[in-house]
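This briefing is meant to be read with the sequence and the 3D view open. Please look over both before going through the points.

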Amino acid sequence: MLTFMGKERKDLKILYILITLTLGAILLYPLACVLFQSFLDKNGGLTFANYVTTLSQGTFWVSLGHSFTVSGLSALIAAALAFISAYGLHFTRINPSAKKVIQIIVLLPLFLPSITYGFAVIYSFGRLGLVSQLFGQLPFSIYGFWGLLIADVIYTLPPAFLILYNAFYYVDRNFVTVSKLMGDSPWQTFYITSLRPVLGSLFSAFILSFFLSFTDFGIPASIAGTYSVIAIDLYMAMMGAIPNFGQGAVIAMAMLVPSIASVMLLRFADRFNFRYNKLSKGEPEVNRLRDGLFLGFYGLITLALLSVFVVMFVVPFVKQWPYQPVFSLTVITRILSDSSIWQVYQHSVGVALVSAVIGTIVCFVAGLVKARSNLSGWCQTTMDSFAMITNTVPGMVLGIGFLFAMSGTPIANTFTILVLANLVHFFTTPYMMATSAFSKMNAGWETTGALMGDSWIKTVWRVIVPNSLPTIFQMLQYFFVSAMVTISAVVFLTGARTMLLTTKIKELQYFEKFEEIFVLSLLVFFTNVAAKLIFDALASYAEKGSATGLGPLSGLKKLLNLNWNRKSAVNPL
């Protein structure tokens, strides 16, 4: 037994060192390069001139103010809409099938690149847009503030909804009955039983929405127009006609300040969360008026989202939008017959798959160190610290860090650097998935495996991995979908040989080839939907296998070379 514990500790130490060195090299070093670059002048000397020059420019503060304004308003609207949407799905008697459809519609934007939202808004609400031609033009210009606000709300609504929908799942509905029996007014009942229990999550949804909007590059790149925001200033400083790396580094450091503040506010929001001793999932009372009002609300949300994105499914299938709006396959046939498009598509899928596999392995191992090890507490804290930092750093800042750190190295302008950027950028959520799953598993599996003569590595492979398969598939899905839609980090790292679909869309914008943009967006959308269906099916199959006691995904027996009889003896599932 002591031998096993010693061997386990040695294996975990090796894994800990590997993970720490890897994340340190591809996270802390690039960030240090950005900080160092912000103090370099054109001749390579140390100076504060970059900070003085940038912070003294009125345009910088104007852009920063614009970013705060748009991000704040869009986060407020998105959080409110997400709260109402999540509340209605938990506290009404709407048909369950209809609720599933509503969830799918609300989460629809997750499967599209953010840069597509702006083009979709333009083609829907612009002067010659689909909605404008059917119902008349909007009383304001779609370029600039209003376009950014609409697109940002659409962009941040799904993640805010996921946070609140999950929070409402753990709210005891029987407290509604208790509150009414106590004679509380309807508003008091609502606050006590619905708003107060999820107040922390509501605040978290607002902060997350603000952070996503503030740091996003895709939407401003497509619809900001002359309305300057900090993300565009950063891009122009780095990729403009006359690049200014010192100024770009200063702007990148400035973008970190709201990010760090967001993390601190999220920790503050945790104070408002509380848990019930016991959960009761009673059915909501019958109230047709309430259900009717919520159905009307969901109808408006559905109409708003579909009115934006339906144009993507129309433009590629008409002869010439908007002048010849007759059905034709000429446009989409012409675009899809271009071999360069499929080459870029293969690049995106390949990078997403490799990012998903490598990222899942790294997060899985980091989760083991955190949740299923006897290493020192500071070793486990190190993993949490990496997760907090990666969750704080905006994608654009990360991309600039990689640009500075990896320039001149063998991996510069290769797919490897894109995979590493995705690994760091999306590390936090899969890591939290893994640690959550490991913490719920039987703590004695490793000990039981040792008593049966297995090494720690074999126990992890034969027991922990099979029982983690549902979570592993969800981690793979998150990495894949995120890698397919990201643009903020990779926009600085791709070249002609490593072009991805999202950066190709950015390139097509310069040539105003919007038909091609929508076709590429559809490729991303259908690929992500297919990936979600596949990974969800695999996760569901694995979960059912565990529940029946046959072992998750028994069909992988030969592939994993598992001793299922031995596993069954130590697996209480």
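Does phenylalanine 526 count as buried, partly exposed or exposed? Phenylalanine 526 counts as partly exposed, at 47% relative accessibility; the cut-offs are under 20% relative accessible area for buried, over 50% for exposed and the range in between for partly exposed, with a 1.4 Å probe and protein chains only. The model is a predicted one, in which local features need pLDDT of at least 70 and side-chain atom pairs count only at pLDDT 80 or more, while totals for chains, interfaces and linings use all residues. Residues are numbered from 1 along each chain as its sequence is written, and side-chain values use heavy atoms, with hydrogens and water left out.

**Overall make-up**

- The protein chain contains 26 helices and two strands; both are DSSP runs numbered from the N terminus, helices being H or I with at least four residues and strands E with at least two.
- Of the 573 residues in the protein chain, 54% are buried.
- Among contacts in the protein chain with a separation of 6 or more, 80% are between residues 24 or more positions apart; a contact means heavy atoms within 4.5 Å.

**Nonpolar core**

- The largest nonpolar core has 176 residues, where a core is a set of buried Ala, Val, Leu, Ile, Met, Phe, Trp, Tyr and Cys residues joined through side-chain atoms within 4.5 Å.
- Helix H22 (residues 456–485) supplies the largest share of this core, with 16 residues.
- Phe309, Phe402 and Phe427 have the most contacts inside the core.
- Phenylalanine 427 touches Leu23, Val362, Cys363, Ala366, Met383, Phe386, Ala387, Thr390 and Phe479, with residues up to four places away in sequence not counted.

- H18 has 12 residues and reaches 16 Å from its first C-alpha to its last, close to the expected 16 Å; the expected span is 1.5 Å times one less than the number of residues.
- In H18, 11 of the 12 residues are buried, including Gly395, Phe402, Phe404 and Met406.
- Glycine 408, which follows H18, has a positive phi near 85°.
- Asparagine 413 lies in the loop between helix H18 (395–406) and helix H19 (415–425).
- Asparagine 413 has a positive phi of about 60° although it is not a glycine, and counts as partly exposed at 32% relative accessibility.
- Most residues other than glycine have a negative phi.

**The loop between H23 and H24**

- Glutamate 512 is found in the loop between helix H23 (501–510) and helix H24 (514–547).
- Glutamate 512 is not a glycine but has a positive phi of about 55°; its relative accessible area of 59% makes it exposed.
- Lysine 513 lies over the face of phenylalanine 511, at 5.8 Å from the ring centre; the rule asks for NZ of Lys or CZ of Arg within 6 Å of the ring centre and within 35 degrees of the ring normal.

**Strand pair**

- Strands E1 (residues 318–320) and E2 (residues 324–327) run antiparallel and are joined by two bridges; strands pair if DSSP finds at least two bridges between them.
- E1 and E2 form a hairpin with three residues between them, and valine 318 stands opposite phenylalanine 327 in E2.

**Aromatic pairs**

- There are 32 aromatic pairs; rings of Phe, Tyr and Trp (its six-membered ring) pair if their centres lie within 6.5 Å, and planes under 30 degrees apart count as stacked, over 60 as edge-to-face and the rest as tilted.
- Phenylalanine 313 and phenylalanine 526 form an edge-to-face pair, at 6.1 Å centre to centre with 80° between the planes.
- Phenylalanine 313 lies in the loop between helix H14 (288–309) and E1, and phenylalanine 526 lies in helix H24, so this pair ties together parts 213 residues apart in sequence.
- Phenylalanine 313 is partly exposed, with a relative accessible area of 34%.
- One aromatic cluster is formed by Phe83, Tyr87, Phe91, Phe168, Phe294, Phe297 and Tyr298.

- Tyrosine 123 lies in helix H5 (residues 114–125) and is buried, at a relative accessible area of 16%.
- The C-alpha atoms of tyrosine 123 and valine 308 are separated by 8.1 Å, although the two residues are 185 residues apart along the chain.
- Neighbours within four places in sequence aside, tyrosine 123 is in contact with Gly129, Leu130, Val311, Val315, Trp321, Phe514 and Phe518.
- Serine 204, in helix H10 (residues 199–215), counts as buried at 13% relative accessibility.
- Serine 204 is in contact with Ile163, Leu266 and Ala269, leaving aside its neighbours within four places in sequence.
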